[in-house]
Amino acid sequence: MSIFYSCETNVEEETVAIEVCDDEISFSSDIKPIIDNNCIRCHGGSGNQAPDLTTFENISNNANRVRREVVNRTMPLGGSLSNNEIELIRCWIDNGALNN
């Protein structure tokens with residue numbers, strides 16, 4: 001007589017939350033203030049750490065890098081962003097990082 005046990009009943013299913021991004025996120029009123037308050041002290045241009053995040057063009061050109069570092073919570077060094085700020089940045093970039 002053989003008895004077989006299955007582990008499948010003990011496996012927890014991973015639920016993935018699907019975040020819906022607001023199309024109304026504005027670079028000038030939502031994203032730029034977050035960058036200015038949390039990133040510019042280190043990424044403020046000449047003589048600071050790369051990338052320079054002082055202009056829309058520089059932020060846009062580094063959008064994927066910014067997204068990765070913010071979502072992974074590796075930036076900003078010595079500080080932290082709220083979950084809402086992280087979601088605003090993530091959504092703005094996922095929506096095309098528009099200059100709006």
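In the protein chain, residues 24 or more positions apart make up 52% of the contacts with a separation of 6 or more, where a contact means heavy atoms within 4.5 Å. The structure is a predicted model, in which local features need pLDDT of at least 70 and side-chain atom pairs count only at pLDDT 80 or more, while totals for chains, interfaces and linings use all residues. Residues are numbered from 1 along each chain as its sequence is written, and side-chain values use heavy atoms, with hydrogens and water left out.

The overall make-up is a friendly place to start. The protein chain contains four helices and zero strands, and its pattern along the sequence reads α-α-α-α. Helices (H or I, at least four residues) and strands (E, at least two) are DSSP runs, numbered from the N terminus. Of the 100 residues of the protein chain, 29% count as buried. Buried stands for under 20% relative accessible area, exposed for over 50%, and partly exposed for values in between (1.4 Å probe, protein chains only).

Next comes a pair of helices. Two packed helices are described by the angle between their axes and the distance between the axes. Helix H3 (residues 63-71) and helix H4 (residues 83-94) have axes that come within 10 Å and cross at roughly 150 degrees. That makes H3 roughly antiparallel to H4. Here, axes are lines fitted to C-alpha atoms, for helices over the stretch in contact, and angles run from 0 to 180 degrees between N-to-C directions. Angles under 35 degrees count as roughly parallel, over 145 as roughly antiparallel, 65 to 115 as roughly perpendicular and the rest as oblique. From H3, Ala63, Asn64, Val66, Arg67, Val70 and Val71 meet Ile86, Ile89, Arg90, Ile93 and Asp94 of H4. Sorted by class, this contact of H3 with H4 holds seven nonpolar, one polar and three charged residues. In this sorting, Ala, Val, Leu, Ile, Met, Phe, Trp, Tyr, Cys and Pro are nonpolar, Asp, Glu, Lys and Arg are charged, and the others, Gly among them, are polar.

Rings of Phe, Tyr and Trp (its six-membered ring) pair if their centres lie within 6.5 Å; planes under 30 degrees apart count as stacked, over 60 as edge-to-face and the rest as tilted. By this rule there are three aromatic pairs. In one of these, the ring centres of Phe27 and Phe56 are 5.0 Å apart and the planes stand at 80 degrees, so the pair is edge-to-face. Phe27 belongs to helix H1 (residues 27-38) and Phe56 to helix H2 (residues 56-61), so the pair ties together parts that are 29 residues apart in sequence. Phe27 is buried, at a relative accessible area of 5%, whereas Phe56 is partly exposed, at 22%. Ring pairs also link Phe27, Phe56 and Trp92 into a cluster.

Finally, some details of the backbone deserve a look. The peptide bond from Ala50 to Pro51 is cis, with omega near 0 degrees, and Pro51 sits in the loop between H1 and H2. Another cis peptide bond joins Met75 and Pro76, with omega about 0 degrees; Pro76 lies in the loop between H3 and H4. Arg73, also placed in the loop between H3 and H4, has a positive phi of about 60 degrees although it is not a glycine. With 48% relative accessibility, Arg73 is partly exposed. Ala97, in the segment after H4, has a positive phi near 50 degrees and is buried, with a relative accessible area of 8%.
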